[in-house]
Amino acid sequence: QSVARRDGGYIGKIATLALAAAIAFVPVQATSERSPRFEVLARNNAKRWVRIGALWEQTAKDDGACYLT
């Protein structure tokens, strides 16, 4: 697996026994504090990027660490 930072987001590949896919995390222009931080895209067989999910930024209560869910 490889991941590279690009245009404020990330692009890379995920490979498992059942799946091999190019993925991208694209930054979202937040419209509220509850908006997702990234859209999750995957490249389909037609080589087009399709949205498969989103990631929200959270902060841990115990140590203040930032993470994505």
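This is a predicted model: local features need pLDDT of at least 70, side-chain atom pairs count only at pLDDT 80 or more; totals for chains, interfaces and linings use all residues.
Okay, let's start with confidence: the protein averages a pLDDT of 92, and 99% of the residues score at least 70. That's the predictor's own per-residue confidence, on a scale from 0 to 100. Residues are numbered from 1 along each chain as its sequence is written, and side-chain values use heavy atoms, with hydrogens and water left out.

Now the fold. We've got zero helices and seven strands, going by DSSP runs numbered from the N terminus (helices: H or I, at least four residues; strands: E, at least two).

On to pairing, which takes at least two DSSP bridges between two strands. Strand 2 (residues 9-15) runs antiparallel to strand 3 (residues 20-27), with six bridges joining them. A four-residue hairpin links the two, and A15 has A20 as its bridge partner in strand 3. Strand 3 also pairs with strand 4, residues 38-43, again antiparallel, over five bridges. There, V26 is partnered with E39.

Stepping back, the C-alpha atoms fill a box of roughly 40 × 25 × 20 Å along the principal axes. Of the 69 residues, 20% are buried, meaning under 20% relative accessible area with a 1.4 Å probe, protein chains only.

Conventions
Buried means under 20% relative accessible area, exposed over 50%, partly exposed in between (1.4 Å probe, protein chains only).
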